[in-house]
Amino acid sequence: MTETPVPPLLSPLTLRGRTLKNRIVISPMCQHAGEDGFATDWHLVHYGKFVLGGAALVLTESTAVAADSRVGIADLGIWSDAHIPGLKRLADFAHANGALMGVQLAHSGRKAFSEPLWHGGRALRPADLDAQGIDWRRVAPSAIAASEEWSIPQALTIEQIDAIRRQHVAAARRADAAGMDVLELHFGHGYLVASFLSPKANLRDDAYGGARDNRMRLAIEIARDVRAVWPADKPLFVRLSCVDGAEGGWDLEDTVDLARRLKAEGVDVIDCSSGGLSEETRRSNVPRGFGFQVPFAERVRAQAGVPTQAVGIITTPEQANAIIAGGKADLVAIGREALRNPYWPAEAWRRLTGAEGFDAWHERHGAWLSKREPVLRQLRAEEDRQ
Ligand SMILES: Cc1cc2nc3c(=O)[nH]c(=O)nc-3n(C[C@H](O)[C@H](O)[C@H](O)COP(=O)(O)O)c2cc1C
């Protein structure tokens, strides 16, 4: 009897000393459920669902390296050692239940502090932040606001840039102490590092501005600094906006160059997103269709020779499997579809293998579901006969 080949989406992938049991990653998704950066019960249940749902790797939402530069007031944080135990609880749960856990490190730069989407998603006003006594700051390469709704950020001095580099290093050490398997650096969506990359946001005339090499300097330095302290057996991912969507902005060719250099610094996966630099790019020039960012992952993978993660409106197992089978990406990240159905990876296993059992489910659930299956079949057959 010949063995049925494993569908590519379900095949394992080893990156350094970590093996992902399949190619399915849960994409970072802000929850606005933290308290002073501390993980709460919400996070354990929210991320725990994805662990039980069969994903190989669950990435946290953007987790702030600095208290004053969160995406939202209630973001997860990693700016103090006190945050480690809450994050460790998430990683421990993942490890006890067959998944890897990663943390996405972020500094939100000139787009710090916005409302949750269900409150409108707008930039919070300085007066309101002050009134709430929040320690906040909007900083950027240059004093240019992301759009009219945002306040004008402070242009960073070299000393302040150095301090932000150190914040990333301290955060990486804490992520390791929390038992995280993967670190993802958030260099996309118009946040701090993305704003350094884009000629639309970065008008500096020092070593961090001007030519592309200079605009890439901060990204490369942070990757290098972090790689130096992040254990050699743990993978490092970088999320990029492969095109920022702005006219005359950062484009795919720039991304390929940066990806090559990040790879040389020891980055293992480029997570290929897009947009977010400004209001102009929130409604990005990139047309939104099924898998609309997959071509970015494909090109970066082919031309920079680095593994990629595809993300964005990937909704069916067949679509995801075709991305991996076609050599367009090494991993797929699932966001909203996993909110709709945290068991998406386990269902994908069933759909793609045609298996009747529930082996991809946790045994506490799968054993019962498998046992029920013949009963359901019999009941359906009886119904059909009536
Ligand atoms: C609720 C929500 C929160 C998000 N927060 C983040 C985030 O913290 N960091 C990030 O890089 N992307 C974030 N994103 C973008 C997702 O990671 C993903 O790239 C995007 O939703 C497209 O994938 P999808 O079509 O599978 O949802 C968020 C998306 C959603 C829906």
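1. In α7, the buried residues include L218, A219, I222, A223 and V226. They cover an arc of only 130° around the axis, which puts them on the same side of α7. The arc is taken from the directions from the helix axis to the C-beta atoms. Buried means 20 or more other C-beta atoms within 10 Å of a residue's own; exposed means 12 or fewer, and partly exposed lies in between, with C-beta atoms placed from the backbone.

2. This is a predicted model: local features need pLDDT of at least 70, side-chain atom pairs count only at pLDDT 80 or more, and totals for chains, interfaces and linings use all residues. Residues are numbered from 1 along each chain as its sequence is written.

3. What do the buried residues of α7 pack against? They meet α4, β9, α5, β10 and α8. Contact here means C-beta atoms, placed from the backbone, within 7 Å.

4. The largest nonpolar core has 105 residues, and V58, L183 and V332 touch the most other members. Such a core is a set of buried Ala, Val, Leu, Ile, Met, Phe, Trp, Tyr and Cys residues joined through C-beta atoms within 7 Å. Leaving aside residues up to four places away in sequence, L183 touches V226 and W230, among others. A second, separate core of six residues includes A112, L124, A146 and W150.

5. Strand β13 spans residues 331-334; L331 and A333 point one way, V332 and I334 the other, and all are buried. In a regular strand the side chains alternate between the two faces of the sheet. β13 runs parallel to β3, with three bridges, and V332 is the bridge partner of I24. Three bridges also join β12 to β13, again parallel; there Q309 partners L331. Strands pair if DSSP finds at least two bridges between them.

6. β12, helix α11 and β13 make a right-handed β-α-β unit. Right-handed means that, with the strands pointing away from the viewer, the path from the first strand over the helix to the second runs clockwise.

7. In helix α1, H43, H46, Y47, F50, V51 and L52 are buried. They pack against β3, β4, β5, α2 and α12. Just after α1, G54 takes a positive phi of about 100°.

Conventions
Helix = DSSP H or I, 4+ residues; strand = E, 2+ residues; numbered from the N terminus. Contact = placed C-beta atoms within 7 Å.
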